[in-house]
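Dear colleague,

Please find the structure below, handed over for your records.

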Amino acid sequence: MALRLVANFDLRKDVLPWLQAQRAASAGAGVPDGGADVLENNYESLHVLNVERNGNIIYTYKDNKGNVFFGLYDCQTKQNEHLYTFEKDLQVVSCSVNSERTLLAASLVQSTKEGRKNELQPGSKCLTLLVEIHPVNNVKVLKAVDSCVWVQFLYPHVDSHPLPESHLLLISEEKYIEQFHIQVIQEDGNRVVIKNSDHLPRERVAEDFVWAQWDMSEQRLYYIDPKKSRSILKCIQFCADENFNLMFEAPLDVSLSNSGFKLVNFGCGFLQDQEKLPKYPTLCVFTNRTDYYVAVYLPGHFFHLLNIQHPDLICHSLFLTGNSEVIDMLPHSPLQSLSGSLVLDWCSGKLYRAFLNQSYLLEFLWSTRLDWEKMAVLHCMLACGRDPEFLEAKIIQWISENISACYLFDPIQEFIIASSYWSIYPETSNMDKLLPYSSVLTWNTEIPGITLVTEEITLPLMKVHSFKNYWEKLNANLEYVKYSKPHLYYKNSVVRREWHSLISEEKTGKRRSKVYVRNILDNAVKVISNLEAKTLVSEPRLAPLFQEEDNHQRLLVGLMVSELKDHLLRHLQGVEKKKIEQMVLDYSSKLLDLICQILETSWRKHNLHPWVLHFNRRASAAEFAVFHIMTRILEATSSLFLPLPPGFHTLHTILGVHCLPLHNLLRYIDNGVLLLTETAVTRLMEDLDNTEKNEKLKFSIVVRLPPLIGQKICRLWDHPMSSNIISRNHVKQLLQNYKKQPRSSVIDKSSFSVEFLPLNYFIETLTDIESSNQALHAFIGHDNVDAKFVEEAALKHTTMLLGL
């Protein structure tokens, strides 16, 4: 099942045994009407009234005389506590207890059973009480009116010490909300009593509303104020250090002046909905604590997991329909969604908390054949997973087994981009506007049963009175929609241009400031050090990466760090520079680490050994599999222009030489799939002897090397062809600035081993150049290469061509 539902509370298991024990103890002490069976006979009256912000649960039941019993279940200690007993046969509408458990507020109405006399004050329908319960002492009547009232204590964010004042909301069916300020004092030791109980300060919070919703976790009140033309949605924030603040007001393009009265999340009022309990399944809505996803669930019909963080791509949301075990998770009895991810089952008295089921999502990732479901599950696990390292390992395992199973997106690309993004997303707000979270820019494939309609709407003209927390984020999102463009996302296009520029300068020998290049390489050193520091505690890697300098990849890593840091500094105003620098290092090292993990998983799966780095052996099926994975990694990173771990290209080329026939190998090299690194070619020259097959391979490799690397490699190969290449390069350097001087046409033939006039004249010219000052700079680093060497190489090459 996509949701894992955990029963946080069960009346039958967590409350009923305790109540029975209390009754049995009373009966044993000779208290009248104290039999344990009394509660069994009145069990239908036991139900939940409220779930407070700290998780404590308030419940009620009636004894055989109809007296109303209030109890509290502490979710931390798992203990029950008797709060108060109201000795009249009334029905409870609402109840709340302050955080210190010194005050209880309750609202009660006349019991609906026939034959009951009116227990309330004459002319009143609803009685609202405020009771001192530490210990039980005075009872104050707050309201005795002809309309229903709901009560809710505020739970502000404060330290653990008791507050001298409690704040209570009263929500009236007559469409007004009041706040009572209740000061308490201690008398006779620990007795807590209300100060000036006859004159409790109160103020009107809202009036003439038609709909109100309470956000318990954030202590916010939303309500709709109906107007003649259009209604206004308002939000009020209650704080510990002040009464309340109007956060914002926004006009709605609907008129609700004739609609009925509706309250949401003001406790689990039994009377409010008892007569309206639906006979059909209830739609449940869950939000996770990170506010990335909303789960919409109709038992037996559908389960939708909506990505509200990135709603622009429908493929990031999961849509499951049908009557199956997948979506048949809760009983079909009446349910009430509460704040956060809680849901109350009225019939059983169970309170569930919903979690995303990681095990099921992993199984679903393996079993589904639909690309949009694969992508949705992949993002859901990365965003909401409780154990990122475990999930990443499982996803990598899935990628390794299903490398070619996705047609609408590249799983390696999507995993690398999404996982790197989520690794630093919690560090600061608005990161979703600055970093790419998906490799897929648009999604045009139809998802059966889902219709996506995009409309341009005029944003409401909001009057924002205070920017804090969620609403600061909301305002930033609205500003983004109004003014921003897609260019805010970081792209590697600048890095691509700069990297190609640096590589071109290297080939021509003209490189810009050494300080600039050194700073770029220093960035790479920091990233690799950051990566190594985080992987010290893990199992040592077997795949031979990070074992060479690989300056090209280090330049790419360093450039990405530089450009990404500048990008975030431009757009993350108010965030410390050091924090941004660390975020960039974490992001870059995470990206490299994910690539390493994919390769490491394949390496361990196929049980490769270090000897695969040698050329004088045949390739195995395991090497073919790892080479295939590395090629797919290269394809995924190349299109996004992402860096690879230093040493990746060397290992890839070595496996390519093992696995591919020569013509395929050369095609991979010519098309840029395999890059000839100095380390890989050096090992090839040292490991392979000069058989005819190996000579053909070596020559094919050497002629494709960049000039600077080619000159070094040719000196490692004792072969006429290598000598020929060295001689060609030597002559080219000598003659590129040579100015012809007048000279005698007579050649001393005695100094040449072969009498061949063109060659004799050419060698004498080279000798003259070498002896002049013009050639001093050309000989640096070219030991044992002179005109004599060139002559011998030419003769050997000619002999070889003539077959002599």
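Which residue lies over the face of Tyr 176? Arg 204 does, at 4.3 Å from the ring centre; a charge counts as sitting over a ring if NZ of Lys or CZ of Arg is within 6 Å of the ring centre and within 35 degrees of the ring normal.

Please note that this is a predicted model, in which local features need pLDDT of at least 70 and side-chain atom pairs count only at pLDDT 80 or more, while totals for chains, interfaces and linings use all residues. Residues are numbered from 1 along each chain as its sequence is written, and side-chain values use heavy atoms, with hydrogens and water left out.

Aromatic pairs

Rings of Phe, Tyr and Trp (its six-membered ring) are taken as a pair if their centres lie within 6.5 Å, with planes under 30 degrees apart called stacked, over 60 edge-to-face and the rest tilted. The count by this rule is 15 aromatic pairs. One of them joins Tyr 421 and Trp 422 edge-to-face, at 5.0 Å centre to centre and with 80° between the planes. Both Tyr 421 and Trp 422 are buried (under 20% relative accessible area, with exposed meaning over 50% and partly exposed in between, for a 1.4 Å probe and protein chains only). The pair of Phe 627 and Tyr 668 is tilted, because the ring centres are 6.1 Å apart and the planes stand at 35°. Phe 627 belongs to helix H13 (residues 621-640) and Tyr 668 to helix H15 (residues 662-670), so this pair ties together parts that are 41 residues apart in sequence. Helices (H or I, at least four residues) are DSSP runs, numbered from the N terminus. Phe 627 is buried, at 6% relative accessible area, whereas Tyr 668 is partly exposed, at 28%. Ring pairs also link Tyr 292, Tyr 421, Trp 422, Tyr 425 and Tyr 437 into a cluster.

Helix H15

Leu 665, Leu 666 and Ile 669 are the buried residues of H15. They lie on the same side of H15, because they cover an arc of only 95° around the axis (taken from the directions from the helix axis to the C-beta atoms). These buried residues pack against helix H14 (648-659) and helix H17 (692-702), while the face turned away from them carries the exposed residues His 663 and Arg 667. Gly 672, which follows H15, has a positive phi, near 80°.

Nonpolar cores

A nonpolar core is a set of buried Ala, Val, Leu, Ile, Met, Phe, Trp, Tyr and Cys residues joined through side-chain atoms within 4.5 Å. The largest has 133 residues, and Phe 415 and Trp 443 have the most contacts inside it. Helix H12 (residues 577-605) gives the most to this core, with 13 residues. Another core, of 37 residues, lies apart from it and includes Leu 168, Leu 169, Ala 206 and Phe 238. Ser 588 also lies in helix H12 and is buried, with a relative accessible area of 1%. Leaving aside neighbours within four places in sequence, Ser 588 is in contact (heavy atoms within 4.5 Å) with Val 527, Met 560 and Val 561.

Cysteines

The structure holds zero disulfides (pairs of cysteine sulfur atoms within 2.5 Å). The sulfur of Cys 384 is 4.8 Å from the closest cysteine sulfur, in Cys 380, too far for a bond. Cys 384 counts as buried at 17% relative accessibility, and Cys 315 is buried at 0%.

Yours sincerely

Methods:
Helix = DSSP H or I, 4+ residues; strand = E, 2+ residues; numbered from the N terminus.
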